[in-house]
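We will go stop by stop, selecting as we go.

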Amino acid sequence: MNKINILIIEDTKFESDALTEILTANEYNIVGIATSYTEALTLFYQHKIDVIIIDVFLNGQPEGITFAETITITPNIAKPFVFLTSSKDRQVFERAKLTKPFSFLLKPFNELEVLYAIEMAVEKFYEQTNVYLSEDEDTVIGNNHLFIKKKNALKKVAIEDIVYIEVEERYCNITTVNEKYLVALSLTKITEFLDTDTFAKTHRNYIVNTNKITEIILSENLIILEGNHKVTLSDKYKDFIHKFKILK
(Lines give C-alpha, C1' and ligand atoms only; values in the text may rest on other atoms or scores of the structure.)
Protein backbone atom coordinates (compact mmCIF):
# COMPACT_ATOMS: atom_id res chain seq x y z
CA MET A 1 0.00 0.00 0.00
CA ASN A 2 1.45 3.34 -1.06
CA LYS A 3 0.96 6.88 0.14
CA ILE A 4 -1.17 9.36 -1.80
CA ASN A 5 0.99 11.95 -3.57
CA ILE A 6 -0.18 15.53 -3.04
CA LEU A 7 1.00 18.75 -4.69
CA ILE A 8 0.42 21.92 -2.67
CA ILE A 9 0.09 25.20 -4.55
CA GLU A 10 0.20 27.96 -1.93
CA ASP A 11 2.29 31.13 -1.74
CA THR A 12 1.80 31.80 1.97
CA LYS A 13 4.35 29.90 4.03
CA PHE A 14 2.14 29.80 7.13
CA GLU A 15 -0.65 28.11 5.15
CA SER A 16 1.62 25.67 3.30
CA ASP A 17 3.34 24.72 6.56
CA ALA A 18 -0.05 24.06 8.18
CA LEU A 19 -1.14 21.87 5.25
CA THR A 20 2.17 20.00 5.28
CA GLU A 21 1.87 19.30 9.00
CA ILE A 22 -1.68 17.95 8.64
CA LEU A 23 -0.94 15.84 5.57
CA THR A 24 2.32 14.31 6.76
CA ALA A 25 0.75 13.49 10.15
CA ASN A 26 -1.86 11.49 8.23
CA GLU A 27 0.78 9.77 6.07
CA TYR A 28 0.19 11.64 2.83
CA ASN A 29 3.26 12.30 0.69
CA ILE A 30 3.98 15.92 -0.29
CA VAL A 31 5.67 15.87 -3.70
CA GLY A 32 6.27 19.61 -3.67
CA ILE A 33 5.06 23.08 -2.73
CA ALA A 34 4.62 25.62 -5.52
CA THR A 35 4.25 29.35 -4.94
CA SER A 36 3.48 30.42 -8.52
CA TYR A 37 1.68 29.23 -11.64
CA THR A 38 4.94 28.45 -13.46
CA GLU A 39 6.42 26.51 -10.55
CA ALA A 40 3.15 24.61 -10.14
CA LEU A 41 3.19 23.48 -13.77
CA THR A 42 6.82 22.39 -13.48
CA LEU A 43 6.13 20.27 -10.39
CA PHE A 44 2.93 18.91 -11.92
CA TYR A 45 4.77 17.50 -14.92
CA GLN A 46 7.79 16.34 -12.90
CA HIS A 47 5.95 14.15 -10.39
CA LYS A 48 3.30 11.46 -10.21
CA ILE A 49 0.47 13.26 -8.46
CA ASP A 50 -2.81 11.95 -7.06
CA VAL A 51 -4.40 15.08 -5.58
CA ILE A 52 -3.67 18.83 -5.80
CA ILE A 53 -4.51 21.50 -3.22
CA ILE A 54 -4.61 24.87 -5.00
CA ASP A 55 -4.77 28.33 -3.46
CA VAL A 56 -6.99 30.43 -5.71
CA PHE A 57 -4.79 33.52 -5.33
CA LEU A 58 -1.04 33.36 -5.88
CA ASN A 59 0.96 36.57 -5.51
CA GLY A 60 -2.26 38.59 -5.51
CA GLN A 61 -3.53 37.16 -8.78
CA PRO A 62 -5.98 34.28 -9.41
CA GLU A 63 -3.19 32.12 -10.81
CA GLY A 64 -4.53 29.08 -8.99
CA ILE A 65 -7.61 29.23 -11.20
CA THR A 66 -5.39 29.60 -14.27
CA PHE A 67 -3.51 26.46 -13.23
CA ALA A 68 -6.76 24.53 -12.77
CA GLU A 69 -7.96 25.70 -16.19
CA THR A 70 -4.69 24.49 -17.73
CA ILE A 71 -4.83 20.95 -16.35
CA THR A 72 -8.58 20.44 -16.88
CA ILE A 73 -8.52 21.41 -20.55
CA THR A 74 -6.68 18.14 -21.30
CA PRO A 75 -8.64 15.22 -19.78
CA ASN A 76 -5.79 12.69 -19.87
CA ILE A 77 -3.65 14.77 -17.49
CA ALA A 78 -6.45 15.98 -15.19
CA LYS A 79 -6.22 15.16 -11.48
CA PRO A 80 -8.54 15.63 -8.49
CA PHE A 81 -7.99 19.10 -7.07
CA VAL A 82 -9.20 21.11 -4.10
CA PHE A 83 -9.45 24.90 -4.20
CA LEU A 84 -8.17 26.71 -1.13
CA THR A 85 -9.40 30.27 -0.62
CA SER A 86 -10.39 33.04 1.77
CA SER A 87 -11.75 35.24 -1.03
CA LYS A 88 -15.34 36.49 -0.94
CA ASP A 89 -15.19 37.93 -4.45
CA ARG A 90 -18.24 36.60 -6.32
CA GLN A 91 -16.66 37.08 -9.75
CA VAL A 92 -13.59 35.10 -8.75
CA PHE A 93 -15.79 32.38 -7.28
CA GLU A 94 -17.79 32.07 -10.51
CA ARG A 95 -14.59 31.76 -12.56
CA ALA A 96 -13.25 29.13 -10.16
CA LYS A 97 -16.54 27.23 -10.37
CA LEU A 98 -16.19 26.94 -14.15
CA THR A 99 -13.14 24.70 -13.68
CA LYS A 100 -15.43 22.24 -11.86
CA PRO A 101 -13.30 21.82 -8.73
CA PHE A 102 -13.82 18.59 -6.88
CA SER A 103 -13.87 20.29 -3.48
CA PHE A 104 -13.49 23.71 -1.82
CA LEU A 105 -11.51 24.38 1.34
CA LEU A 106 -12.01 27.71 3.14
CA LYS A 107 -9.33 29.46 5.17
CA PRO A 108 -8.81 29.11 8.06
CA PHE A 109 -9.07 25.33 7.86
CA ASN A 110 -8.70 22.52 10.36
CA GLU A 111 -7.41 18.96 10.05
CA LEU A 112 -10.73 17.22 9.44
CA GLU A 113 -11.76 19.77 6.82
CA VAL A 114 -8.55 19.10 4.87
CA LEU A 115 -8.96 15.32 5.09
CA TYR A 116 -12.64 15.41 4.10
CA ALA A 117 -11.88 17.72 1.18
CA ILE A 118 -9.34 15.23 -0.18
CA GLU A 119 -11.80 12.35 0.17
CA MET A 120 -14.52 14.31 -1.62
CA ALA A 121 -12.16 15.28 -4.44
CA VAL A 122 -11.18 11.64 -5.05
CA GLU A 123 -14.81 10.47 -4.95
CA LYS A 124 -16.02 13.12 -7.39
CA PHE A 125 -13.09 12.80 -9.78
CA TYR A 126 -13.68 9.08 -10.20
CA GLU A 127 -17.47 9.57 -10.14
CA GLN A 128 -18.04 7.33 -7.11
CA THR A 129 -19.74 9.63 -4.62
CA ASN A 130 -20.54 8.95 -0.96
CA VAL A 131 -18.05 6.10 -0.69
CA TYR A 132 -16.13 7.34 2.36
CA LEU A 133 -19.08 7.61 4.74
CA SER A 134 -18.27 4.94 7.30
CA GLU A 135 -15.37 3.66 9.39
CA ASP A 136 -15.00 0.63 7.10
CA GLU A 137 -12.11 0.35 4.67
CA ASP A 138 -14.14 1.85 1.84
CA THR A 139 -12.62 2.10 -1.61
CA VAL A 140 -12.74 4.28 -4.71
CA ILE A 141 -11.56 2.54 -7.87
CA GLY A 142 -9.34 4.70 -10.06
CA ASN A 143 -7.82 4.05 -13.46
CA ASN A 144 -4.66 2.46 -12.08
CA HIS A 145 -5.16 2.37 -8.31
CA LEU A 146 -7.62 1.58 -5.56
CA PHE A 147 -7.93 4.45 -3.08
CA ILE A 148 -8.63 2.78 0.27
CA LYS A 149 -9.65 4.71 3.37
CA LYS A 150 -7.60 3.76 6.43
CA LYS A 151 -8.87 5.64 9.50
CA ASN A 152 -8.92 9.33 8.47
CA ALA A 153 -6.63 9.12 5.46
CA LEU A 154 -6.49 7.49 2.04
CA LYS A 155 -3.94 4.97 0.80
CA LYS A 156 -3.51 3.63 -2.71
CA VAL A 157 -2.99 0.14 -4.07
CA ALA A 158 -1.83 -0.40 -7.66
CA ILE A 159 -4.41 -2.45 -9.53
CA GLU A 160 -1.65 -4.26 -11.42
CA ASP A 161 -0.35 -5.56 -8.07
CA ILE A 162 -3.61 -7.36 -7.28
CA VAL A 163 -3.21 -11.13 -7.49
CA TYR A 164 -6.81 -12.09 -6.81
CA ILE A 165 -10.01 -10.90 -5.14
CA GLU A 166 -12.29 -13.01 -2.98
CA VAL A 167 -15.77 -11.95 -1.91
CA GLU A 168 -16.82 -12.33 1.72
CA GLU A 169 -20.45 -11.27 2.09
CA ARG A 170 -20.46 -7.50 1.43
CA TYR A 171 -16.67 -7.27 1.59
CA CYS A 172 -13.86 -8.05 -0.82
CA ASN A 173 -10.64 -9.62 0.34
CA ILE A 174 -8.00 -8.18 -1.99
CA THR A 175 -4.70 -10.04 -2.12
CA THR A 176 -1.72 -8.25 -3.67
CA VAL A 177 1.88 -9.28 -4.18
CA ASN A 178 2.80 -8.12 -0.66
CA GLU A 179 -0.36 -7.48 1.33
CA LYS A 180 -4.02 -8.32 1.89
CA TYR A 181 -6.92 -5.88 2.37
CA LEU A 182 -10.50 -6.39 3.46
CA VAL A 183 -12.57 -3.57 1.93
CA ALA A 184 -16.25 -2.68 1.94
CA LEU A 185 -16.86 -3.33 -1.75
CA SER A 186 -19.07 -5.84 -3.51
CA LEU A 187 -17.69 -8.19 -6.12
CA THR A 188 -20.30 -6.88 -8.57
CA LYS A 189 -19.14 -3.28 -8.14
CA ILE A 190 -15.44 -3.99 -8.45
CA THR A 191 -16.09 -6.09 -11.58
CA GLU A 192 -17.65 -3.06 -13.24
CA PHE A 193 -14.40 -1.08 -12.97
CA LEU A 194 -11.69 -3.68 -13.59
CA ASP A 195 -10.20 -4.27 -17.04
CA THR A 196 -11.80 -7.43 -18.38
CA ASP A 197 -8.73 -8.12 -20.53
CA THR A 198 -6.67 -8.47 -17.36
CA PHE A 199 -9.10 -9.64 -14.69
CA ALA A 200 -11.32 -12.69 -15.05
CA LYS A 201 -13.93 -14.31 -12.86
CA THR A 202 -13.03 -17.93 -12.09
CA HIS A 203 -15.76 -18.67 -9.57
CA ARG A 204 -18.74 -16.78 -8.19
CA ASN A 205 -16.50 -15.72 -5.29
CA TYR A 206 -13.22 -15.09 -7.12
CA ILE A 207 -11.65 -12.69 -9.62
CA VAL A 208 -8.03 -13.27 -10.66
CA ASN A 209 -5.40 -11.14 -12.35
CA THR A 210 -4.64 -13.26 -15.40
CA ASN A 211 -1.13 -11.80 -15.56
CA LYS A 212 -0.42 -13.45 -12.20
CA ILE A 213 -1.44 -16.97 -13.27
CA THR A 214 1.41 -19.48 -13.22
CA GLU A 215 -0.53 -22.71 -13.75
CA ILE A 216 -4.03 -23.94 -14.51
CA ILE A 217 -4.87 -27.49 -13.47
CA LEU A 218 -8.09 -28.43 -15.21
CA SER A 219 -8.28 -31.89 -13.67
CA GLU A 220 -8.50 -30.30 -10.21
CA ASN A 221 -10.43 -27.15 -11.18
CA LEU A 222 -7.57 -25.15 -9.72
CA ILE A 223 -5.62 -22.01 -10.63
CA ILE A 224 -2.15 -21.38 -9.21
CA LEU A 225 -1.11 -17.73 -8.92
CA GLU A 226 2.11 -15.90 -8.07
CA GLY A 227 3.03 -16.44 -4.45
CA ASN A 228 1.58 -19.96 -4.68
CA HIS A 229 -1.94 -18.68 -4.10
CA LYS A 230 -4.64 -21.14 -5.15
CA VAL A 231 -8.18 -20.33 -6.26
CA THR A 232 -11.06 -22.41 -7.51
CA LEU A 233 -11.93 -22.61 -11.21
CA SER A 234 -15.56 -23.55 -11.73
CA ASP A 235 -16.92 -24.97 -14.99
CA LYS A 236 -19.07 -21.89 -15.56
CA TYR A 237 -16.03 -19.60 -15.90
CA LYS A 238 -13.60 -21.73 -17.90
CA ASP A 239 -13.96 -19.86 -21.20
CA PHE A 240 -11.19 -17.36 -20.46
CA ILE A 241 -8.47 -20.04 -20.23
CA HIS A 242 -8.24 -20.66 -23.99
CA LYS A 243 -5.64 -17.92 -24.44
CA PHE A 244 -3.19 -19.69 -22.12
CA LYS A 245 -0.53 -22.21 -23.11
CA ILE A 246 0.16 -23.35 -19.58
CA LEU A 247 -2.79 -25.69 -19.22
CA LYS A 248 -2.51 -29.12 -17.67
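Select residues 5-122. An unreviewed UniProt entry lists them as "domain: Response regulatory"; such annotations may be inferred rather than shown by experiment. The end C-alpha atoms of this span lie 12 Å apart. It is 46% helix and 21% strand; helices (H or I, at least four residues) and strands (E, at least two) are DSSP runs, numbered from the N terminus.

A word on the model: it is predicted, local features need pLDDT of at least 70, side-chain atom pairs count only at pLDDT 80 or more, and totals for chains, interfaces and linings use all residues. Residues are numbered from 1 along each chain as its sequence is written, and side-chain values use heavy atoms, leaving out hydrogens and water.

Next, select helix α1, residues 13-25. Which of its residues are buried (under 20% relative accessible area, 1.4 Å probe, protein chains only)? Glu15, Ser16, Leu19, Ile22 and Leu23.

Now turn to the face away from the buried side. Lys13, Phe14, Glu21 and Ala25 are exposed there (over 50%). Just after α1, click Glu27: its phi is positive, about 65°.

Last stop: Phe44, in helix α2 (residues 37-46). Phe44 is buried, at 6% relative accessible area. Show its contacts, not counting residues up to four places away in sequence: Leu7, Ile49, Ile52, Phe67, Ile71, Ile77 and Lys79.

Notes: Contact = heavy atoms within 4.5 Å. Expected span 1.5 Å × (residues − 1).
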